[in-house]
Structures are given as C-alpha cells and as structure tokens.
Amino acid sequence: MLAPFAVRVEHSRGRRFPEPPHPYRNDFQRDRDRVIHARAFRRLEDKTQVFTRRYSDHFRNRLTHTLEVSQISRTIAGALGLNVDLAEALALVHDIGHPPFGHAGEKALDAAMHEHGLLFDHNLHALRIVEDFEQRYVAFRGLNLTFEVREGIIKHSRDYDAIEHPELAEYLLDQRPPLEAQLIDLTDEIAYNTADLDDGYEAHLLSLEEIREGIPVFERFYREVHKIYPDALDKLKFNEALKRMLNFFVDDLITNTRERLQQAATRSLEDVRKHPERLAAFSPAADVERQQNKHFLYENLYYSSALAGEKDDAERVVGELFNFWMKHPTTLPPTYQEKAKQDSFPRVVCDYIAGMTDNFIFEQYEKYCGRMR
C-alpha cells in the first residue's frame, strides 16, 4: 500500500519516447533493470569509492557502495509507504556519473573544465549518460528512462537554479523532488559514513580507539555491545556497534521524516513538491551525530597522509591526460572525434575521461604520458 504522497507509477509523466507497457514489469521496474544492464553501471565495479585497488581489492568500490545505498533506500522507502521501485532505481543510478578515482578524480576533472569556462558535475553527467551515451536500442538514444527517474538523477542531492541551468527547465526546478528522490542523498550518507569506517578500520588506517574517541554515536553503541559481549573479539564488537549505528540513522530518518510529514499535513505528492524545504531529514540530534561522523572521516581518513599519494596520483593522471587530448585530438577514439563536431571539445574530452574505469585510465596514462612515478 502506497502512502498518498508517494509517486504512483500509473501517474508517471512517462518516457521521452513512448513505449508500449511491459506485460509483467511496471515502468520503474523497467528503469531499474535498464540501469543494471547499462555499461556505465558495470563500470562502477572498477571505480574508486575510497580505496583504489592498488591499496586493496576487497574494500568497497563504487558498485558495491551503490548496492548498499539501494538496500538501505528500499528499506526506508518501504517503511514510509513510498514507491520502492522508484527509490531502488534512483539509488542504483545515483553514482553512475562519477569519474574514475572517486572524489579526487571529480575534483581534477572539474578543475580542468574550469580552465575552459565549463564545469564537471556528476549529476549532470549522469543525465547525459542515460539520455545519450548508452546506446542499446534501435528506436532511440540513451535508456529512455521515465521522467521521475531522470528528475531524481538531477535533484536527489541538490537544487539547481533555473537561470543558471535553462537546459534543465523541464525538471520542475522550482519544486522539491518527490520523497523517493529526497531519500537518496541521505541514504548515501548513511551508507558511506558507516562503510568507510568499516574499510578504514580493516585497512588499519583507523584504530578502534580513534573511532571510539572521535565518534560519540559509535562509542555509545560500542559500550552497549561490550556490556553484553565483554569477551568477544574487538573486530566482532566493532561490527556489532557499527550495525547498531547504521540502524540508528535508518530508524531516525524514518521516524523524523514521518513526523515532518505529519506536521506539514502532507496529503499528496503535490504537497511534497510545493513544500518550502525537503521533508526527508534526520532529527536535529541525529544530524549533529551524522556531522560528527562525517567530520571524523574527513579528518582521519579521506585527508589522511596514507591516502594522500593516491589522491595526488589521481589528480595528476586526470589533469595530464585531459591536457594531452586537448592538444592531440586525433588520438581520441573516432566516436569521440565525431562527437566533437556537435559539442565543445573540452566537454568531449571530459566525457571520455569520466567514463573510464581506474584500470583503463592508468593504461591510457602509460600509453600517452609515460609510466607512473
């Protein structure tokens, strides 16, 4: 049973190119399946989340992170009576526009584009992927996703200004996105705030003592676990505390969002869209603990000296390859040389690099710029 403010698939604004209905899958389920079968989705397996494979090959990558976001999103959407199929499709597609090397690669690509008066935004790039780059169908370019999924790609994590982005005018930029889309940015944080602690601890870059001292919410649950299982291995107590911390944020997001919906007397999707702010949110107390968790990860893991060399390598590889192809356009694949006839050349180079996996971009760097130092 869907809540009255959920997105109903039968009320979808449809696809850019109309298609006949499928006999046993609704449109959002078809969108989910199209994303899963897309090349850009498969490439997430070899794109960095935090640790590149040069560091270890058993930590999370961009694909496994996406699957964790999908699981959390389905759980929360179901508890709130939202459209689980739409939430799942949005979770699976939310990182499809990320370049190689995680945020270091995105930073370097955006810096390279700024030199040409342009920018790189992974949400906008994701829309280009599903609208144009994926070529699987005879009748149209792209995946021909429903309006609601395309809107969620753009609006799940931020609001775009209609004046700055007139090309996005069709996506109701003056309105809030549906709750199914609002959830994704929050479930993304729940996933990486807990998973990155797990991987950082496994990598021996974060000690149990540092985590307990630096993250009060973790310490609270660790004390509970230690009281129940005093003789358990530290790793198992860590796992149990982390699981409880994840559950805490999920429970809080469900409970607080439900309360906000009641306080706003939300009775329809239109009420969600017209509300002055997003209705999906953590409680103020939980949000403070979320920020403490996030700040700890930035200070002690993401910007740690142990990972600094890899980030420097990533930024150098992206920057030098971008400059190389700007100066030697004939070394690009023929399809991208053809695209340059319709689009700006910096954008074409950016698109090419953004689609690469970590392994492939290293191969290209060694081919055109020399071996890694």
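Which residue forms a salt bridge with Arg34? The partner is Glu19, and the closest N and O atoms are 2.7 Å apart. A salt bridge here is a side-chain nitrogen of Lys or Arg within 4 Å of a carboxyl oxygen of Asp or Glu. Arg34 lies in helix H1 (residues 27–36) and Glu19 in the segment before H1, so the pair ties together parts that are 15 residues apart in sequence. Helices (H or I, at least four residues) are DSSP runs, numbered from the N terminus.

The model is predicted: local features need pLDDT of at least 70, side-chain atom pairs count only at pLDDT 80 or more, and totals for chains, interfaces and linings use all residues. Residues are numbered from 1 along each chain as its sequence is written, and side-chain values use heavy atoms, with hydrogens and water left out.

Arg34 is buried, at 8% relative accessibility. Glu19 is partly exposed, at 25%. Buried means under 20% relative accessible area, exposed over 50%, and partly exposed in between (1.4 Å probe, protein chains only). Both residues belong to a network of salt bridges that also links Arg15, Asp27, Arg30 and Asp31.

The salt bridges number 41. Among them is the pair Glu240 and Arg244, at 3.2 Å from N to O. Both residues lie in helix H11 (residues 234–263). They are four residues apart, about one turn of the helix. Asp313 and Arg316 form another salt bridge, with the closest N and O atoms 3.3 Å apart. This pair sits in helix H14 (residues 305–327), three residues apart, a separation of about one helical turn. Asp313 and Arg316 are both buried.

H1 also packs with helix H4 (residues 84–93). The angle is about 20°, and the axes are 8 Å apart. H1 is therefore roughly parallel to H4. Axes are lines fitted to C-alpha atoms, for helices over the stretch in contact, and angles run from 0 to 180 degrees between N-to-C directions. Angles under 35 degrees count as roughly parallel. The crossing is left-handed, that is, the near helix is turned anticlockwise from the far one by less than a right angle.

On the H1 side, the contact involves Phe28, Gln29, Arg32, Val35 and Ile36. They meet Asp85, Leu86, Glu88, Ala89, Leu92 and Val93 in H4. Contact means heavy atoms within 4.5 Å. The residues of this contact divide into seven nonpolar, one polar and three charged. Ala, Val, Leu, Ile, Met, Phe, Trp, Tyr, Cys and Pro count as nonpolar, Asp, Glu, Lys and Arg as charged, and the others, Gly among them, as polar.

How values were computed:
Helices (H or I, at least four residues) and strands (E, at least two) are DSSP runs, numbered from the N terminus. Angles under 35 degrees count as roughly parallel, over 145 as roughly antiparallel, 65 to 115 as roughly perpendicular and the rest as oblique.
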